[in-house]
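Have a look at the model below and follow its chain from one end to the other. The notes after it walk through some of the packing.

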Amino acid sequence: MEPDMANPANRRTPPGAQPAGTGGERPDSAPGEAREPYSRIVVRPLGSPLPLGFVGLSGGTFVLAGLQLGWVPTAQTHAVALVLLAFVFPAQALASVLGFLCRDAVAATGMGVLAGTWLATGAIMASGPPGATSEAAGLLLLLAGLALLIPVTASGSDKLVASVVLATSSLRFFLTGAYHLSGGTAWKEAAGVTGLVLTAVALYAALAFEVEDVRHRTVLPTLRRGSGAKAFDGTSGHQFADVIKEAGVRREL
């Protein structure tokens with residue numbers, strides 16, 4: 001008896017050929033249609049690195065503010081530098097790497113700029129005499145302040161709390177850079193006060209995003225809007241609609 005070839009279970013694949021749906025072809029292509037190539041993209045779930053990065057930022061800016069406002073003696077400048085190198089830089093560098101793995105280039109870029117700036121600032125403070133200013137550090141801080149405005153501009157109001165943290169960090173770097181270039185006490189005190197404000201803002205952001213990530217819902221306001229709100233509350237279809245266009249998936253950066 002001849003097998004019923006209308007039944008797909010009885011069809012045989014010719015030698016050397018591949019079944020439909022393998023070898024990069026869509027299995028649902030209609031007969032006679034050119035089969036459309038496709039690929040599978042695997043996304044690994046990760047915890048949000050934002051709380052870690054913001055905690056590191058709060059530690060760095062608080063200790064440096066203490067030095068600038070006279071709470072920490074100038075003789076302990078090298079100890080402050082060690083805090084920046086051993087605590088702040090690793091936390092923010094890790095947050096930056098995880099941010100890229102989470103496909104959030106804005107947060108990752110901001111954390112990367114912060115990590116590099118604290119690393120360089122700590123190294124300059126550790127290698128110089130206590131309380132000394134540095135024109136090189138001043139120029140770096142001015143550049144870092146400008147660089148932080150890039151992710152702030154790109155993100156806009158999508159994650160407003162995170163943008164406020166980066167914008168305040170930018171202002172803090174501008175003021176500290178002006179102090180290093182001019183040596184003026186007023187710039188130093190203004191940078192210290194701004195550092196305290198940044199400490200409070202960063203700690204709030206760390207708490208708000210940590211609670212949000214653990215409970216999978218917004219408890220403390222993070223002021224998500226637009227794509228920032230959809231990224232947290234949207235459907236899975238929305239989350240992966242444009243994944244094919246992201247770096248690491250498309251052919252070129």
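## Helices α1 and α2

Helix α1 (residues 50-68) packs with helix α2 (residues 77-101) at an angle of about 165°, their axes 8 Å apart. Axes here are lines fitted to C-alpha atoms, over the stretch in contact for helices, and angles between N-to-C directions run from 0 to 180 degrees. So α1 and α2 are roughly antiparallel to each other; angles over 145 degrees get that label, under 35 is roughly parallel, 65 to 115 roughly perpendicular, and the rest oblique. The crossing of α1 and α2 is left-handed, a term for a near helix turned anticlockwise from the far one by less than a right angle (clockwise would be right-handed).

Who meets whom? On the α1 side, the residues include L52, V55, L57, V63, L64 and L67, and among their partners in α2 are V80, V83, L84, F87 and V88. Contact means heavy atoms within 4.5 Å. By class, this contact has 14 nonpolar, 6 polar and no charged residues. Ala, Val, Leu, Ile, Met, Phe, Trp, Tyr, Cys and Pro count as nonpolar, Asp, Glu, Lys and Arg as charged, and the others, Gly among them, as polar.

## About the model

This is a predicted model, where local features need pLDDT of at least 70 and side-chain atom pairs count only at pLDDT 80 or more, while totals for chains, interfaces and linings use all residues. Residues are numbered from 1 along each chain as its sequence is written, and side-chain values use heavy atoms, with hydrogens and water left out.

Is T121 buried or exposed? T121 sits in helix α3 (residues 105-127), and its relative accessibility is 9%, so T121 counts as buried. Buried means under 20% relative accessible area, exposed over 50%, and partly exposed in between (1.4 Å probe, protein chains only). Leaving aside neighbours within four places in sequence, T121 is in contact with L84 and L141.

Now try A86, which lies in helix α2. A86 counts as exposed because its relative accessibility is 63%.

## The whole chain

The protein chain has 8 helices and 0 strands, giving the pattern α-α-α-α-α-α-α-α along the sequence. Helices (H or I, at least four residues) and strands (E, at least two) are DSSP runs numbered from the N terminus.

Of the chain's 253 residues, 32% count as buried. Among contacts between residues at least 6 apart in sequence, 67% join residues at least 24 apart. The chain exposes about 14400 Å², with carbon and sulfur atoms supplying 62% of it; such areas come from the Shrake-Rupley method with a 1.4 Å probe, and for residues only the protein chains shown count as cover.
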